[in-house]
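The sequence and the model come first.

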Amino acid sequence: MADQPLPPGVKLTYHEPLSESPLNPFDLTGRVAIVTGGNGGLGLAMARGLARAGASIAIAARDESKAQAALKELNAVAPRCRFYALQASSASSCRNLIETVVGDFGACDILINNAGMNRRKPPEQISEQEWHEILDVNLGAALFCAQAAYPHMKAAGRGKILNIGSMYSLFGAASVAAYAASKGGLVQLTRSLACAWAPDNIQVNAILPGWIDTDLTRRARQQVAELHDFVLARTPAGRWGAPDDLGGAAVFLCSPASDFVTGAALPVDGGYSARG
């Protein structure tokens, strides 16, 4: 078939591979990954998955004492691992994190924006301070960390940014208005960054975890008596997720295996969001 002329003003671009295709496209050897909220729960599970794939890990969070157990675990599998204090609601703390990690590790190849918080209450009772706090941590931190990582990724000619959303990126609920707004916004931020930075060979995607058995969801089950059975009944897989269920998805979206995947929001939910 003969080549067809392109419309006026349209140009084709093609990124030459930085090297020959790896034998294992999921191999992260030599990559440096920053995981915010990486000292426990889903963040630690994803950090563990990346470490097992060969990445060096920088975990960032508020609670340094909690991070010590995470470091002990990650040091058994990661080539290098360090903890960094992060105040996720602060743009300057986010920027300082990225610059410090690059100074220590020499690169920022992967950024997982996992830091998050929630407060359950009716929307008419949310204070201005609570609204801004939740939006700043769940949405603002993802933007400001990504902004700081961008020039380093662009200079390297590649990069992976993974934002951690929620089922509330898709659904609403009466008691999580601020949280749902932040997580819905995070998916739109993901798509916008993906469009903006694709020419720089930076892929930006999101994972939307379903109901995963963590300390956070255990507290939710204590507050909402019927939640446990409701989740089991609605989830086609018939169980709550485990934190390690996110590890494989994170490795895929942070590895060369996903170099042509950007702007995606991947539910990891046992089919919860597939059921109407």
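## Asp269

In this predicted model, Asp269 touches Met167, Gly210 and Thr235, leaving out residues up to four places away in sequence. Asp269 is found in the segment after β7. Its relative accessibility is 13%, so Asp269 counts as buried, the cut-off being under 20%.

Asp269 and Ser166 are 103 residues apart along the chain, and their C-alpha atoms are separated by 9.5 Å.

## Phe26

Phe26 is found in the segment before β1. With a relative accessible area of 38%, Phe26 is partly exposed. Residues up to four places away in sequence not counted, Phe26 touches Ala53, Val251, Phe252, Ser255 and Ala257.

Phe26 and Ala141 are 115 residues apart in sequence, and the distance between their C-alpha atoms is 27 Å.

## Helix α2

Helix α2 covers residues 64-75, which makes 12 residues. At 1.5 Å a residue these should span 16 Å, and the end C-alpha atoms are 16 Å apart, which agrees.

Which residues of α2 are buried? They are Ala67, Ala70, Leu71 and Leu74. These residues cover an arc of only 105° around the axis, and therefore lie on the same side of α2. An α-helix has 3.6 residues a turn, so residues three or four places apart point the same way. On the other side of α2, Ser65, Ala69 and Lys72 are exposed. The partners of the buried residues of α2 are α1 (41-52), β2 (56-61) and β3 (81-85), against which they pack.

## Helix α5 and Ser182

Helix α5 has 21 residues. From its first C-alpha to its last, α5 reaches 30 Å, close to the 30 Å expected at 1.5 Å a residue. The buried residues of α5 are Ala178, Tyr179, Ala180, Ser182, Lys183, Leu186, Val187, Leu189, Thr190, Leu193, Ala194 and Trp197. They pack against α4, β5 (159-164), β6 and β7 (265-268).

Ser182 is found in helix α5. Its relative accessibility is 0%, and Ser182 therefore counts as buried. Which residues is Ser182 in contact with, leaving aside its neighbours within four places in sequence? They are Ile134, Leu135, Asn138 and Leu139.

In soluble globular proteins, nonpolar side chains tend to be buried together. The largest nonpolar core here has 36 residues, and those that touch the most other members are Ile34, Leu97, Ile98, Val101, Leu111, Ile161 and Trp197. Two or more residues of this core come from each of β1 (32-36), β2, α3 (91-105), α4 (128-156), α5 (177-197) and β6 (202-209). Helix α4 gives the most to this core, with 10 residues. Apart from this core lies another, of 34 residues, among them Ala47, Ile59, Leu74 and Leu162.

Leu111, one of the residues with the most contacts to other members of the largest core, touches Ile34, Ile98, Cys145, Ala146, Ala149, Met153, Lys160, Ile161 and Leu162, not counting residues up to four places away in sequence.

## Cavity

How many cavities of 30 Å³ or more does a search of the whole structure find? The search finds one. The largest cavity holds about 60 Å³ of space. Its lining consists of Thr36, Asn113, Asn114, Ala115, Val137, Asn138, Ala141, Ala142, Ile164, Lys183 and Leu186.

The elements that give two or more residues to this lining are α4 and α5. The largest share, four residues, comes from α4. Asn138, part of the lining, is also in contact with Ser182. Lys183 and Leu186 line the cavity and are among the buried residues of α5.

## Pocket

The largest pocket has a volume of about 1,400 Å³. It is lined by 46 residues, of which the closest to its centre are Asn114, Gly116, Met117, Leu216 and Arg219. Asn114 also lines the largest cavity.

The elements that give two or more residues to the pocket lining are α1, β2, α4, α5 and α6 (215-223). Which element gives the most to the lining of the largest pocket? Helix α6 does, with seven residues.

Notes: Residues are numbered from 1 along each chain as its sequence is written. This is a predicted model: local features need pLDDT of at least 70, side-chain atom pairs count only at pLDDT 80 or more; totals for chains, interfaces and linings use all residues. Side-chain values use heavy atoms; hydrogens and water are left out. The expected span of a helix is 1.5 Å times one less than its number of residues. Buried means under 20% relative accessible area, exposed over 50%, partly exposed in between (1.4 Å probe, protein chains only). The arc is that of the directions from the helix axis to the C-beta atoms. Contact means heavy atoms within 4.5 Å. A nonpolar core is a set of buried Ala, Val, Leu, Ile, Met, Phe, Trp, Tyr and Cys residues joined through side-chain atoms within 4.5 Å. On a 1 Å grid over the protein atoms alone, a cavity is a set of points where a 1.4 Å probe fits but cannot get out, and a pocket is an open set with protein on both sides within 12 Å along at least five of seven lines; lining residues have an atom within 4 Å of a point. Grid points are joined across faces, edges and corners, and a volume is the space filled by probe spheres set on the points.
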